[in-house]
Amino acid sequence: MRSLSKGAERLRGNAAFDVLARAKDLEKKGKKILHFEIGEPDFDTPRHISDAAVEALHQGKTHYVNSYGIPELRKAICDEVEKTRGFRPDMDQVLVTPGANPIIFFAASCLVEQSQNIALQDPGFLTYYSVLQYTGIKGNLVTLKEENEFRLDPEDLNQVIDDNTRLIVVNSPSNPTGGVMTKAEIERVAEIAEEKDLYLLSDEIYSKMTYDRPFHTPSIRDECKERTIILDGFSKAYAMTGWRLGYAVGPKKVIEKMGMLLQATVSCTPDFLQYGAIAALEGSQYVDKMMAEFTERRNVLISGLNSIPSLSCVNPQGAFYAFPNITKTGMNSKEFADFALDELGIALLPGTAFGPGGEGYVRLSYATGIDKIKEAIERLKAGLE
Ligand SMILES: Cc1ncc(COP(=O)(O)O)c(C=O)c1O
């Protein structure tokens, strides 16, 4: 039998989709499953956004377009960055992408050699690890600590950087922990990247989703002209996961090459969808409503988890993930996730799906109704006592 490439052999699937498939199987067998595994808002995309895309579709915006994004959307993104980050990038610093996910792959491919490494948080977003697996690039992992509310400690980051490090990835608010870094911490990360002359990918997909603390970006230090690449998108803040729309803002020469890679793989981001993205950026009052709902859910879930003697959970400051410590149950992460699904009908993810630092934890995505959250707490209480 002919073999696959080494990169393909190294690839592993996304744990969230595996758990979802198992949960669906159980549902087919008649079991009532509570879903906490997938990281997507359960709200509908706001109507004005869908209307804008449908109108564009009817107007015939159905052809190939500029691989970097339509000028109207790139301009709207420049406006958005100016409003939310405090500086205005040039249009040629902006790349519109089909989902934010590919930006991670594009950045690693355009900036890092296989013999080099990327410094990143552990636990961290699944795609970071998939990209490392596929490319064979080494990850220098910075363990996030519960006692630090899972905020990445810049001095721990500094420790893992060596002569072969080329790129730092920072993600605040963070998946899977909901940790949100302080202004001083974010500034220190930007300073380290500058001192060591490294690229810095700032994954800001949850930038609009914070609770008690504001979001900060390292990008103001160089205004994305030297080393910083912002990753952001529409999936989370506007409940548009299935649209596949994201964007990168970075140094012109990096964006130019990332755009060529996009062109080589998917040609361009669909034209009519980009009109939906423009509408999203124009009407952000919707995000506040969604965050009010998420705040209530977070409060119910976290106080519920902390009322169970064998669990404890840090209060997440952003995104929509809870990352409880399960060590007192005597189970490891995988055993707990299997127990939750098979015995209690709760689909959640083992912390180890997000890196070795996730051992002792599980992730619950609280993008689900309050009634389901309450029921999950009852099931956990009964099952663990
Ligand atoms: C930290 C992080 N970055 C990037 C993404 C990718 O988002 P998109 O759905 O736009 O590809 C996600 C999605 O789960 C995420 O959690």
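## Positive phi in two loops

Glu-149 sits in the loop that runs between β4 and α7 (154–160). In this predicted model, its phi is near 50°, a positive value in a residue other than glycine. Glu-149 has a relative accessible area of 27% and is therefore partly exposed, the range for that class being between 20% and 50%.

With 33% relative accessibility, Glu-223 counts as partly exposed. As background, most residues other than glycine have a negative phi, and most peptide bonds are trans.

## Cis peptide bonds

Asp-122 and Pro-123 are joined by a cis peptide bond with omega of about 0°. Pro-123 is located in the loop between β3 and α6.

Ser-172 and Pro-173 are likewise joined by a cis peptide bond, with omega of about -5°. The loop that holds Pro-173 is the one between β5 and α8 (183–195).

## The seven-stranded sheet

The model contains an open sheet of 7 strands with mixed pairing, in the order β2-β8-β7-β6-β5-β3-β4. Its edge strands are β2 (94–97) and β4 (138–143), each of which pairs on one side only. On average, neighbouring strands of this sheet are turned by 20° against each other, direction ignored. Strands of a sheet pair through backbone hydrogen bonds, in either a parallel or an antiparallel sense.

Val-94 has Val-249 in β8 as its bridge partner. Helix α6 packs on the sheet and touches β3 (117–122), β4, β5 (165–171) and β6 (199–203). The direction of α6 makes about 150° with that of β3.

## Strand β6 inside the sheet

β5 and β6 pair in the parallel sense, over 5 bridges. In this pairing, Val-170 stands opposite Ser-202 in β6.

How many of the residues of β6 are buried? The count is 5 of the 5, so β6 is largely enclosed by the rest of the structure. In a regular strand the side chains alternate between the two faces of the sheet. Both faces of β6 are covered: on one side Tyr-199, Leu-201 and Asp-203 are buried, and on the other Leu-200 and Ser-202 are buried.

## Helices α5 and α6

Helix α6, which packs on the sheet, also has a helical neighbour. The axes of α5 (residues 101–111) and α6 (residues 126–135) come within 10 Å and cross at roughly 40°. That angle makes α5 oblique to α6. The crossing in which α5 passes α6 is right-handed.

On the α5 side, the contact is formed by Asn-101, Ile-104, Phe-105 and Ala-108, which meet Thr-127, Tyr-128, Val-131, Tyr-134 and Thr-135 in α6. The residues of this contact divide into 6 nonpolar and 3 polar, with no charged residues.

## Helices α2 and α12

Helix α2 (residues 15–28) and helix α12 (residues 333–344) pack at an angle of about 15°, and their axes are 11 Å apart. α2 and α12 are therefore roughly parallel to each other, an angle under 35 degrees being the cut-off for this class. α2 passes α12 in a right-handed crossing.

Arg-22, Ala-23 and Leu-26 in α2 meet Asp-338, Leu-341 and Asp-342 in α12. The residues of this contact divide into 3 nonpolar and 3 charged, with no polar residues.

## Ser-333 in α12

Ser-333 is placed in helix α12. Is Ser-333 buried or exposed? Ser-333 has a relative accessible area of 0% and is therefore buried, since buried means under 20%.

What is Ser-333 in contact with, leaving aside its neighbours within four places in sequence? Ile-326 is one of these residues.

Note on methods. Residues numbered from 1 in each chain as written. Predicted model: local features only at pLDDT ≥ 70, side-chain atom pairs only at ≥ 80, totals over all residues. Heavy atoms only, no water. Axes fitted to C-alpha atoms, helices over the stretch in contact; angles between N-to-C directions. Helix = DSSP H or I, 4+ residues; strand = E, 2+ residues; numbered from the N terminus. Parallel < 35°, antiparallel > 145°, perpendicular 65-115°, else oblique. Left-handed = near helix turned anticlockwise from the far one by under 90°. Contact = heavy atoms within 4.5 Å. Nonpolar A, V, L, I, M, F, W, Y, C, P; charged D, E, K, R; others polar. Pairing = 2+ DSSP bridges. Buried < 20%, exposed > 50% of the residue type's maximum accessible area, 1.4 Å probe, protein only.
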